[in-house]
Amino acid sequence: MLDNDFHPAWLPDAALQTVGSRRLALRSPDDEAGVPVGSSSRDRQLEGPIATEHTDRSSSRRTDRAVLATLSAELDRATRAHGGAVVGHDDEPDLLLALDPADPAPAEPAEPAGYRLLRAAGRVTVTADHPTSLLHGWFHVVRLGAVAFDGPDTDEHHAPVSALRMLDHWDNVDVHPVMGQVERGYAGGSIFYDAGHVRADLSRVTTYARLLAAVGIDRVAINNVNVAAREARLLTDDLPEVARIAAALRPYGVRTHLSVSFASPVTLGGLPTSDPLDPAVRTWWRDAADVVWRAVPDFGGFVVKADSEGQPGPFAHGRDHADGANMLAEAVAPHGGLVHWRAFVYNHTQDWRDRTTDRARAAHDHFAPLDGRFAGNVVVQVKHGPVDFQVREPVSPVLAAMPRTRVALELQVTQEYTGQQRHAVYLGPAWSEILRWQPWGDAAGPDDAPDGGAPVTVADLASGRGPGGQGGGIAAVSNVGDDRFWTGHPLAQANLYAFGRLAWDPALDPPAVLDEWIDLTFPGAPAELRAAVHAILDESWHTYELYTAPLGIGFMVRPGHHYGPDVDGYEYTPWGTYHFADRDGIGVDRTRATGTGYTGQYPAPWREVYESLDSCPDELLLFFHHVPYTHVLHSGKTVVQHVYDTHFEGVERVERMVERWEDVAGLVPDDVARRVSDRLTEQRRSAVEWRDQVTTYFWRKSGIPDEQGRTIY
Ligand code: GCW
């Protein structure tokens, strides 16, 4: 059952106090002059001129109408709660939201681009040429609060750095026997599905869309990339149900995408093959896409995990991933659709005895040679690291290797490998580091000298400002479920919030983003609460790194569910995730000189920086090199002493987190206080377990005692 009494996350009514107590107006070109747009106008807008004038472009108009109605309802709701009023746009409102469409309107609507915020003598006008952008502008004013009105006169334009900002849900329709309703979900069941069906009541999906609109996310893929038989049918038999979900997301300008199975022509269509070059297969997909867009005219596109962890793909037909992706691209192109094609392709049935195969190499080996062959509406979606969302990995070299391809960065908001929403881990700083990373160091691209222009970042590549200019945007796996707090751990809401804000503007400062989240979630938060939340979260990613797997090594987790320590858990498995610890040393030699050659997938300077023990950063040492336990780090410590010190320090930091929360728990609602306390208690228990297992493992392997003589078992 869906609990309707859920936490408001960052939009409690109190967060709208500043705007809601003022005089607000909404103006769209279709209004009769001077008529206030309020609750009474809602129906008029739904039935009115926008609907009839542009029936030929009904898909975008449908979204536009729905979003304008939403804005109108937002204004009503805020003013009703806080004593303001919705007034006519000629009645000197404190805030005017004005839709000002480009003239003439483009045949194909562009991505919602942004809004202008003008403040003159305490009056604010937000203008946009797209209703969704105007909605984003509204939430911008909500976020600013009093500053929106009290600040000095200004004229600003705000636009997202990446046009594509998307959340992927790994939700199953059926409860999967191992993975449950939501694969890698740590927040209860799905908000979309309940035991085999789309939920009858999707009101919470609309509330979710509202939260997303407030951080600028406007696309959601609604089902797991591992597409099982039941979920595959969303593409066909269940389209009316998909249309219901789309209708629940649409009012807040969020478009629906579906994960599809590459084998659908066979499993759903009864064809003998899914070969992407087979004309009957191409026709099947074109027809399927036509039906999807008839059911959901503003549908976004398909997400595909192919030839990966058992999912079907083009390899079975002797075709490559460009053949596969382009076939789908052709099917969705007439509708302006996108294909998000994941680069997470590797051999998951590796022999652990085989030292030549390196999982980290796989995505680049498969995809870099295909650069230039993908259609313009294919987005190759690349996990941020070469392995799998570990707490510390180098940035994937694929992102810089495909200048003639639209690449998207894929992040994981759900905390599969970062504490599963039982540990408080604020990922804003990790994502910020990734987004700011410069694949060519101080140079602007592959052929530029270091002083040849502004250094290009990962954010630039994702937004199309890098070499080639083909941005695919930013996507992330959502951490939301039907849990009362949306994200299991109430503090994990900050990750969802930060993802949206950083996808909009990768230059934002993660602690400042956290301040926004605190202001909106706990309006009027006293200074101690703010300070405590910062003390708990600002460094929490690094804290988690300290007490878990050291120095860029990964996968010391329990196999299967991936929670808690198991140093050798994956060492003799087929998954390709090894650390190679023996009595003398640890780490994976990925150098060109003596290892797997993975360092060669990076452009200069990184191919040299990572290749050399002298220049490889400590935090990635064991990702790139196999070294003795006595190897001395740049920090001056030996590897083994670093392991001991970091693990003891990590637990001490968690103890301080627990204490900080106890000091301020009384300042938040009881339910939030209790849930956070429970989770922190578990985090402390788990951190101790990590510390004790990891330190004991290394002591037993190396025989080298801790210089400080602390208890190791
Ligand atoms: O991290 C791994 C997860 C799988 C997931 C896969 C992927 C959806 O353990 O559960 O499958 O990544 O990203 O496809």
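In this predicted model, Q420 is buried, with a relative accessible area of 4%. Q420 has a positive phi of about 50°, although this residue is not a glycine. The residue lies in the loop between β17 and α15. A positive phi of about 50° is also found at A121, again not a glycine. A121 is placed in the loop between β4 (115-120) and β5 (123-128). In contrast to the buried Q420, A121 is exposed, with a relative accessible area of 73%. The cut-offs behind these terms are under 20% for buried and over 50% for exposed.

A further backbone feature occurs at P605. The peptide bond that leads from A604 to P605 is cis, and its omega is near 5°. P605 belongs to the loop between β19 (585-586) and α21 (606-611).

Helix α15, which spans residues 428-436, has G428, A430, W431, S432, I434 and L435 as its buried residues.

Leaving aside residues up to four places away in sequence, W10 touches A15, L211, A214, V215, Q493, L496, Y497, W517, L520 and T521.

Helix α23 also packs against another helix. Two packed helices are described by the angle between their axes and the distance between the axes. For α19 (residues 527-537) and α23, the axes come within 9 Å and cross at roughly 165°. Because angles over 145 degrees count as roughly antiparallel, α19 is roughly antiparallel to α23. The crossing of these two helices is left-handed. On the side of α19, the contact is made by E528, L529, A531, A532, A535 and I536, and on the side of α23 by M657, R660, W661 and V664. Of the residues in this contact, eight are nonpolar and two are charged, while no polar residue takes part. The spacing of such residues can be read against helix geometry. An α-helix has 3.6 residues a turn, so residues three or four places apart point the same way.

Notes: Residues numbered from 1 in each chain as written. Predicted model: local features only at pLDDT ≥ 70, side-chain atom pairs only at ≥ 80, totals over all residues. Heavy atoms only, no water. Contact = heavy atoms within 4.5 Å. Axes fitted to C-alpha atoms, helices over the stretch in contact; angles between N-to-C directions. Helix = DSSP H or I, 4+ residues; strand = E, 2+ residues; numbered from the N terminus. Parallel < 35°, antiparallel > 145°, perpendicular 65-115°, else oblique. Left-handed = near helix turned anticlockwise from the far one by under 90°. Nonpolar A, V, L, I, M, F, W, Y, C, P; charged D, E, K, R; others polar. Buried < 20%, exposed > 50% of the residue type's maximum accessible area, 1.4 Å probe, protein only.
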